[in-house]
Amino acid sequence: MKERFNYLFNSTKGLILVAIAMIGIETAVWGMLSGPMAEMGVREVVIKLVGMDIVQAEREGRIIILYHSIAMAVIAIETYMVTGLLKMKEFFKLSVRVLITVGYILTMVFGMGFAYFGRNWAFHGLYITGLSLIFFAGVLLCIALWPWNPEYYITDKDYARTKKGVDLERVAFFTTAVTTVISALFGAVPGSFYGNGFETFLAENIIRLPHKTTMEYSVIGHLHIMLALIAIMITLIIGRWLNFKGIWHKIAMPLMILGCIVLNLGVWGVVTPLEPIAHMIIYVGATPSMLAALFLLIWSWNNLIKEGTAHLAKPTFLQKLGALVYDPLKFGPTWQMLFMNFTTSGIGIFMAIRLDEIFRMWPAREERIELTGHWHALSAIIATIILMYYGDMLGLKGKVRQIYGWSIIFLSDLALGAVTVFEMKRLFISEAEQQPLVNTLMYMIDFGLGFLLVLLAIVMVWRLTDLFKPKGRWTEEATHELAEEVAK
Amino acid sequence: MKNRFLLPFILVAALLASCAPVDLNAPIPAYDTGIDPTAWAQIPAGEFYFGQHEDIESTDAYEIMVTDVTTQQYADYLNAAVADGTLKIEGASVLGYYPGDPFNSINHEIEIKAGDWQYIPLDDPSQRIKYDGIRFTVQKGYENHPMTMVTWFGAWGYCEYYSHRLPSEKEWTKAARGEDDRPFPWGDEIARENANFYSSRDPFEDMSSFGSRTSPVGFYNGKTYNGYTTLDSASPYGLYDMAGNVWQWIGDVQPQEGFSDRLMHGGSKDTYDMDLRVWVRNSAPPMYFSPGVGFRCVK
């Protein structure tokens, strides 16, 4: 029992498994409260079955806590990955992990308890305690990642570094961690005024509303930058996992650092007199960050093609394509980053360009659907990238690896593609005639996300049964560290 | 290799097939609800809870229509107003004068100038009012349904014509909610039999084809219609359809400086139950019309 507990709460892979399982359970249960599940009456059954206390006026507050509890578990997973991939003192690694684990579990359990099972204010206090512990874990992580410690200098010229040897990838991780901690304050400050001049506010940033309070801007900025930072961090993590290096690495890392700083300055600027030009600064910052991700993609695809066709003297286009897509778990993360441009960035840019001619003419509810849809899509894409890395961590091989990897890609892209068409449907179909299209899209979304959860459930059940075996896979994983696997 | 293209082909084919036109003129059941659409309710002066966070606001006394303006009422108005020259018909639109909005040149603000604006389109397949070149008539079965496919200008014009006006947001909220903090006009919770909302399984919808359709005004009054039993869902002042069926245009102009949209409240046949909560705001430019947007007047 003690060994299993040690695996689950003291090893990188065990900690990640617990967090994924927690998110999986929460997503499966709470996913039944909205959309088609509500239409089919499943919501009412779930509410009665688990004894939820749903008050109409508190819906928005409940959703905010739901998002926070899932986001904290995702941040915990990224933190486990960072602490497993990068060199740091054992004290910091242990402290960060203890704080963030206790933090996200408190946030999730007591936050959801407060939001959905009666307003027990002691639960709310524990929820806030959880968030605070995660904040302190973030501060400690920043200290642990300090890149100007000579211990972490690198000599390998294949990686981005300064003349002195400062590891620029570590600087990028550090920058992302520091800005994440600072950006958390932009949610915490309005939150601390809750009920005293600040009320529950969903942060879609409805553009047509010309006046927002400073605290509302702060919350809007908080939501957007935290999601962007989670995306930047997972990009860095994937780069480290794939052992990103070479010329593309040397160009990408300074861009990532620059982009991250400027992006944050732009978002923080929304609560200052710079607000009117904040969006311009955000665009300026987003460009180098996205270029850095593009360079990771180019390097990674080139690498996959080279490795996959090394045995061929003159590979054809199809052979190169075959090599590129041979391993879905290595190809998938960067493919999902590219796919994100169709579901998130592309939509955002298109909306910005045609805002006054098209989107501004639609009702506010449609604008809300598009805005909500695009960041739900981004969140889902980040989740699928984590699942792909997790599949590799598990050591999936052969057909199982193919099925697992391609299922994640196909199911999520089907669902998110359908979400994108749903968001944009007014461009090509009238309100009166949309129902059959909406039905088809809903089937696609539900099929994609539903089976993705089924896939995750299968993996979780497999991992659970494995824990009952004395010499299960968990015994190997308990001692493996992510950094060692990268080196291999 | 061929099999690899089969699934994407099926998906694209399914998407294209689902874009095929639906029968917008499918037969609709006709019911007499017994609720008089010409009736008005008295709302007393005093304080009430406004918005989700229960700010305390107040209004003077006023009267508000018990139901939304019906399609028949609007057709009668069009016949009278075109005959006396208040409105004119140009192409496939009924136009009327609007004196314009203040303009503040704020980013994304739409300038609404004084002049003739579209009240209703006549060529949209969802329009239930028909014009034969002489008179406006109502498509059979829709006489006692709320008037839809009407712009904010068209709603404003109707109320002005009879010396009434559109309700302010405060007036609308108080009429819907009364003086307590209930989220729905009838109380704290919502059932499918309370209102016409998305997938509420009412006798007017077919989610496999045309989706939701409007229900006659005052339909949710506790009566049973051909085996379908409704719950009495009147507001504390006896108003019907203050949640669901159609969004209702609000009269406020520029509630925020530079905000040129017009607010809508009440949710509709096309929205989930959460949008039927009294404080939920929707908005659109005043030129917007939809099969899910109607109005009622106050005086």
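**Two chains of a predicted model**

Student: How many helices and how many strands does chain A have?

Tutor: The model is predicted. Chain A contains zero strands. Its helices number 18.

Student: Why does the radius of gyration of chain A agree with that of a compact globule?

Tutor: Chain A has 488 residues, and a compact globule with that number would have a radius of gyration near 23 Å. The value for chain A agrees with this, because the radius of gyration of chain A is 22 Å.

Student: What percentage of the residues of chain A count as buried?

Tutor: A residue is buried if 20 or more other C-beta atoms lie within 10 Å of its own. Of the 488 residues of chain A, the share that counts as buried is 45%.

Student: In which sense do strands S5 and S6 of chain B pair?

Tutor: S5(B) covers residues 87-90 and S6(B) covers residues 93-98. The two strands form a hairpin with two residues between them, and B:Gly91 in the turn has a positive phi of about 60°. B:Glu90 has B:Ser93 in S6(B) as its bridge partner. Over four bridges, the sense of the pairing is antiparallel.

Student: Which element gives the most to the side of chain B that touches chain A?

Tutor: In the contact between the chains, 38 residues of chain B meet 26 residues of chain A. Helix H1 (2-17) and strand S14 (281-284) of chain B are the elements that give two or more residues to this side of chain B. With three residues, the element that gives the most is S14(B).

Technical notes:
Residues numbered from 1 in each chain as written. Chains lettered and ligands numbered in written order. Predicted model: local features only at pLDDT ≥ 70, side-chain atom pairs only at ≥ 80, totals over all residues. Rg over C-alpha atoms; globule rule 2.2 N^0.38 Å. Buried ≥ 20, exposed ≤ 12 C-beta atoms within 10 Å, placed from the backbone. Pairing = 2+ DSSP bridges. Contact = placed C-beta atoms within 7 Å.
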